[in-house]
Amino acid sequence: MARRIAVIIFPDFQILDATGPIAAFEVAGRIAGGGYQLDVLAEGGGAIASSSGVRLLAEPLNDEPYDTIVVAGGNGTRRLPELTKTFNWVARRAPTVRRTTSVCSGAYVLAEAGLLHGKRATTHWSRSDDFARRYPTIRLEPDRIFVREGEVWTSAGITAGIDLALALIEDDYGCEVARKTAQQLVVHQRRPGGQSQFSALLEMGGPNGRFAELMDWMRERLSEPLSVERLADQAAMSPRHFARAFAAETGVTPAKAVERLRLEAAKVRVESGHEPIDRVAEAAGFRDPERMRRAFLRAFGQPPQALRRAARA
């Protein structure tokens with residue numbers, strides 16, 4: 001019998017947060033012989049406009065029996081009071097389904113529904129700081145592609161919804177169906193949940209973006225001091241104008257970009273090498289191993305030594 005999935009959307013949702021998993025489930029259903037029935041739901045139903053302006057036709061929120069709930073994310077989650085009926089519905093229906101999941105900032109809906117209290121979760125990296133401040137009882141793992149905590153799953157931004165759907169498909173029908181689904185979708189690879197979503201930061205501003213050359217310059221000098229003033233000088237801009245323009249282009253401050261590039265470089269060296277942690281910290285620009293340890297805990301939820309042990313295991 002087909003597993004019935006409810007995909008929850010709302011005004012100003014991100015279109016790929018919904019259609020990416022829908023496409024993956026549709027392909028897997030054909031491969032598995034009618035494995036999924038898909039319903040798109042929204043408060044009140046009707047044609048719901050995404051942030052792109054493209055609309056999806058949704059049925060009203062209902063009490064039909066579902067196997068899995070998938071909550072899309074998008075700019076609409078920045079106006080949580082407008083989604084009260086949606087997260088109340090999710091809170092009421094979650095105990096009646098096998099799995100409750102979210103894509104990108106859909107994690108805000110699960111958090112408001114009370115499903116993530118005391119649990120591990122992830123969301124789009126650009127929303128991580130706000131999410132962590134808003135929900136201090138949730139153990140945010142902002143580096144993860146997706147996180148499974150029992151039967152509650154959360155994923156990172158946008159295309160990570162396809163990774164989440166492939167993981168759910170594998171959970172339902174095994175690795176071979178998930179692999180064939182990925183092939184049909186022409187997905188380069190099925191990324192494990194623990195893979196870094198910060199690797200997306202490496203593409204900031206490039207290859208044709210405004211700060212592409214600066215980002216390359218930064219990567220080559222992570223062990224050196226990279227103040228806003230130095231970056232602004234390299235970009236031939238005043239520090240104030242540079243800081244505003246950089247944040248508008250990339251979505252993060254220059255300081256946050258430097259830290260995340262250092263984290264990405266340090267994580268690779270920690271997991272793939274045997275050099276002492278203090279040497280990694282110096283090479284990545286953290287200077288102090290304790291400073292790097294605190295940055296790892298904020299970003300990955302684990303200290304460098306734990307990530308190295310896990311990589312070796």
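Tutor: Ala, Val, Leu, Ile, Met, Phe, Trp, Tyr, Cys and Pro count as nonpolar, Asp, Glu, Lys and Arg as charged, and the others, Gly among them, as polar. The model is predicted, so local features need pLDDT of at least 70 and side-chain atom pairs pLDDT 80 or more, whereas totals for chains, interfaces and linings use all residues. Residues are numbered from 1 along each chain as its sequence is written, and side-chain values use heavy atoms, without hydrogens and water.

Student: How do the residues that line the second largest pocket divide by these classes?

Tutor: Eight are nonpolar, two are polar and six are charged.

Student: What makes a residue part of that lining, and which residues lie nearest the centre of the second largest pocket?

Tutor: The search uses a 1 Å grid over the protein atoms alone and a 1.4 Å probe; a cavity is a set of points where the probe fits but cannot get out, whereas a pocket is an open set with protein on both sides within 12 Å along at least five of seven lines. A lining residue has an atom within 4 Å of a point. For the second largest pocket 16 residues pass, and Asp 129, Pro 142, Lys 256, Arg 298 and Ala 299 lie nearest its centre. Helix H4 (128-134), helix H10 (254-272) and helix H12 (289-300) each give two or more residues to the lining. Helices here are DSSP runs of H or I with at least four residues, strands are runs of E with at least two, and both are numbered from the N terminus.

Student: How much space lies in the second largest pocket, and what does the volume stand for?

Tutor: The volume is about 240 Å³. A volume is the space filled by probe spheres set on the grid points, which are joined across faces, edges and corners.

Student: What makes Cys 104 buried?

Tutor: Buried means under 20% relative accessible area, exposed over 50%, and partly exposed in between (1.4 Å probe, protein chains only). Cys 104 has 7% relative accessibility, so it counts as buried. Cys 104 sits in the loop between strand S6 (99-102) and helix H3 (107-112).

Student: What is noted about the phi of Cys 104?

Tutor: Most residues other than glycine have a negative phi. Cys 104 has a positive phi, near 60°. Ile 158 is also not a glycine and has a positive phi of about 55°. Ile 158 lies in the loop between strand S10 (152-155) and H5, and its relative accessible area of 28% makes it partly exposed.

Student: How do you know that the buried residues of H6 line one face?

Tutor: The buried residues of H6 (residues 175-184) are Val 177, Ala 178, Thr 181 and Ala 182. Seen down the axis of H6, they fall within an arc of 135°, so they line one face of the helix. The arc is that of the directions from the helix axis to the C-beta atoms.

Student: What do the buried residues of H6 pack against, and what follows H6?

Tutor: They pack against helix H1 (15-31) and helix H5 (160-173), where contact means heavy atoms within 4.5 Å. Val 186 follows H6, with a positive phi near 55°.

Student: Why are S3 and S4 called paired?

Tutor: Two strands pair if DSSP finds at least two bridges between them. Strand S3 (residues 46-49) and S4 run antiparallel and have four bridges, so they pair. Within that pairing, Ala 47 stands opposite Leu 57 and Gly 46 opposite Ala 58. S3 and S4 form a hairpin with five residues between them, and Gly 53 in the turn has a positive phi of about 95°.

Student: What makes S2 a partner of S4?

Tutor: Strand S2 (residues 36-42) and strand S4 (residues 55-60) run parallel and are joined by two bridges, so the count meets the rule for pairing. Leu 41 has Glu 59 in S4 as its bridge partner.

Student: Why is Ser 51 called partly exposed, and which residues is it in contact with?

Tutor: Ser 51, in the loop between S3 and S4, has 37% relative accessibility and therefore counts as partly exposed. Leaving aside neighbours within four places in sequence, Ser 51 is in contact with Asp 12, Phe 13, Gln 14 and Asn 75.

Student: What makes Gly 33 exposed?

Tutor: Gly 33, in the loop between H1 and S2, has 61% relative accessibility, so it counts as exposed.
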